Amino acid sequence: MSKRTLYILGIALTIFLGSYMYPKFCCNGDSGKSIETVNPVLIDEIGKVNYNMFNLSGENFNYSCNENFKFLSNGFNNAQPVNDSINMGIRQLKSYFDKNGNQKLIITGYALNSEKNTSAFPNLGLARANDLKNYFISKGFDASKFETLGELRDTWRVSNDTVYGAAGFRIKQTTEIASEKLKDWNALKEKINANPLILYFNTNQTEINLTPEERQKIADLSNYLDHVPDAKITCVGHTDNVGNRDVNINLGQNRANFIKNYLSKNGISDNRIESTSKGPDEPIADNNSAEGKTKNRRTVVNLK
């Protein structure tokens, strides 16, 4: 047999194998019947974890492929570009949700205990889940169709400062009555506004170091905005009384804008945040003491 004939046969065999193997090992999806898939974060009997699969699973919808979202170590923004097979599953899920209005997607973000939480959220896993929620929303999903969770792990698949497959997805059927949901969100608003997020910082400060309680307040604010479409956050900047009032009004505005930008970088849409300044006009402490001035230099974050 000539070399030319062998060459042609080799090409034909490659095309045949590729056509046969691709649908079996790349991805699969079906919105009408159950498919046997592997959960992207499946813990087996000896505690090992399968990290590789992107899987959207529910009672009447399953989609999986051998890709998943990835993040830089210590980061909470998913690495771009997102694989086409993932986007294909998201499009199929959007079509399914459009036809089944009582569904929600639970997103669980994962992070290593050894990673630094660079976000405003209580843990890095939750921040990653929130980022992925925003990615789904950018594809046309309603924000109220999501629940976000975060978990920390001792081990995970990391290579070249990239964390692979750090997210799990589960479709959940909801049965809440609209009036009950509204009551729950009104209660959350009352809780937030009764004890608002108040951030104190010095002039020219460029970083915010949040306490666990402050991080939880930001998570509550984000959650409320997701489920109450017309709601907005207000950031009001305040100063002490040192110097010219007009200068202090500008300084208070700069502080409010600083917090607005910070929240926006953490996944809260800037068009849902209003920033204003009261300058020195509403002190909460005595400006005649250094301690009082420090308390007056603040930004108050609340729900409108």
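Colleague: Let's start with strand S7, residues 103-112. Why is S7 said to be largely enclosed by the rest of the structure?

Modeller: Keep in mind that this is a predicted model. S7 counts as largely enclosed because 10 of the 10 residues in it are buried, meaning under 20% relative accessible area.

Colleague: OK, and which residues point which way from S7?

Modeller: Gln103, Leu105, Ile107, Gly109 and Ala111 point one way, while Lys104, Ile106, Thr108, Tyr110 and Leu112 point the other way. Both sets are buried. In general, side chains in a regular strand alternate between the two faces of the sheet.

Colleague: What does S7 pair with in the antiparallel sense?

Modeller: That's strand S11, residues 167-173, with 7 bridges between them.

Colleague: Which helix makes a β-α-β unit with S7 and S8?

Modeller: Helix H3, residues 124-138, and the unit is right-handed.

Colleague: Switching topic: how many cavities of 30 Å³ or more are there?

Modeller: The count comes to 1. The largest cavity has a volume of about 30 Å³.

Colleague: What lines the largest cavity?

Modeller: Ile192, Asn195, Pro196, Leu197, Lys217, Leu221 and Val301. That lining splits into 5 nonpolar residues, 1 polar and 1 charged.

Definitions and conventions: Residues numbered from 1 in each chain as written. Predicted model: local features only at pLDDT ≥ 70, side-chain atom pairs only at ≥ 80, totals over all residues. Heavy atoms only, no water. 1 Å grid on protein atoms, 1.4 Å probe; cavity = no way out; pocket = protein on both sides within 12 Å on 5 of 7 lines; lining within 4 Å. Points joined across faces, edges and corners; volume = space filled by probe spheres on them. Nonpolar A, V, L, I, M, F, W, Y, C, P; charged D, E, K, R; others polar. Buried < 20%, exposed > 50% of the residue type's maximum accessible area, 1.4 Å probe, protein only. Helix = DSSP H or I, 4+ residues; strand = E, 2+ residues; numbered from the N terminus. Pairing = 2+ DSSP bridges. Right-handed = clockwise from strand over helix to strand, strands pointing away.
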